[in-house]
Amino acid sequence: MSEITLTVCTSCAFGQSGFAERLRSALPDTPTSTVNTVDCMSGCPRPSTLSVRAPGKTAYLFGDLTEADLPLILAFLPLYADSSDGNFPDARVIGDLRLKAIARIPG
């Protein structure tokens, strides 16, 4: 299984609130996910951004996130890990998180 890298924007209020640490603490105790931070992800029109990526897979950029989205993010990660290329035939499988997708970037 390839490593999944999650990156939280710290320029946004969401990132400044310490969400990266809460996300890191909520992840299962497994070496397959890493949470990083970056000063700005240029998602300002839809702030409070998070990227999810893994080598060779489609990457996702989510915006307009709130603390209430943590369960959605945690539910998304195993689906993403199990997908061979990071894509889903039907986006409804990722629940309401699909409504917060800003971009899908091919792997």
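Biologist: Let's start with a loop. Where does Asp64 sit?

Modeller: Asp64 lies in the loop between strand 4 and helix 3. Keep in mind that this is a predicted model.

Biologist: Which loop holds Ser48?

Modeller: The one between strand 2 (33-38) and strand 3. Ser48 isn't a glycine, yet its phi is positive too, near 70°. With 11% relative accessibility, though, Ser48 counts as buried.

Biologist: What about Ser83: which loop is it in, and is it buried or exposed?

Modeller: Ser83 is in the loop between helix 3 and strand 5 (101-105). Its relative accessibility is 10%, so it counts as buried. Leaving aside neighbours within four places in sequence, Ser83 touches Lys57 and Phe88.

Biologist: On to the helices. How do I describe a packed pair?

Modeller: The general idea is to give the angle between the two axes and the distance between them. Here, helix 2 (residues 19-26) packs against helix 3 (residues 70-82) at an angle of about 50°, with the axes 11 Å apart.

Biologist: Which residues make the contact?

Modeller: Helix 2 brings Phe19, Leu23 and Ala26, while helix 3 brings Leu70, Ile73 and Leu74. That contact between helix 2 and helix 3 splits into six nonpolar, no polar and no charged residues.

Biologist: Now the core. What should I expect?

Modeller: In soluble globular proteins, nonpolar side chains tend to be buried together. In this model the largest nonpolar core has 24 residues, and Leu6, Leu23, Val52 and Phe76 touch the most other members.

Biologist: Which elements give two or more residues to this core?

Modeller: Strand 1 (4-9), helix 2, strand 3 (50-53), strand 4 (59-62) and helix 3. Helix 3 contributes the most, with six residues.

Biologist: Which residues does Phe76 contact, leaving aside neighbours within four places in sequence?

Modeller: Those are Val52, Tyr60, Phe62, Phe88, Ile94 and Leu97.

Notes. Residues numbered from 1 in each chain as written. Predicted model: local features only at pLDDT ≥ 70, side-chain atom pairs only at ≥ 80, totals over all residues. Heavy atoms only, no water. Axes fitted to C-alpha atoms, helices over the stretch in contact; angles between N-to-C directions. Helix = DSSP H or I, 4+ residues; strand = E, 2+ residues; numbered from the N terminus. Contact = heavy atoms within 4.5 Å. Nonpolar A, V, L, I, M, F, W, Y, C, P; charged D, E, K, R; others polar. Core = buried A, V, L, I, M, F, W, Y, C linked by side-chain atoms within 4.5 Å. Buried < 20%, exposed > 50% of the residue type's maximum accessible area, 1.4 Å probe, protein only.
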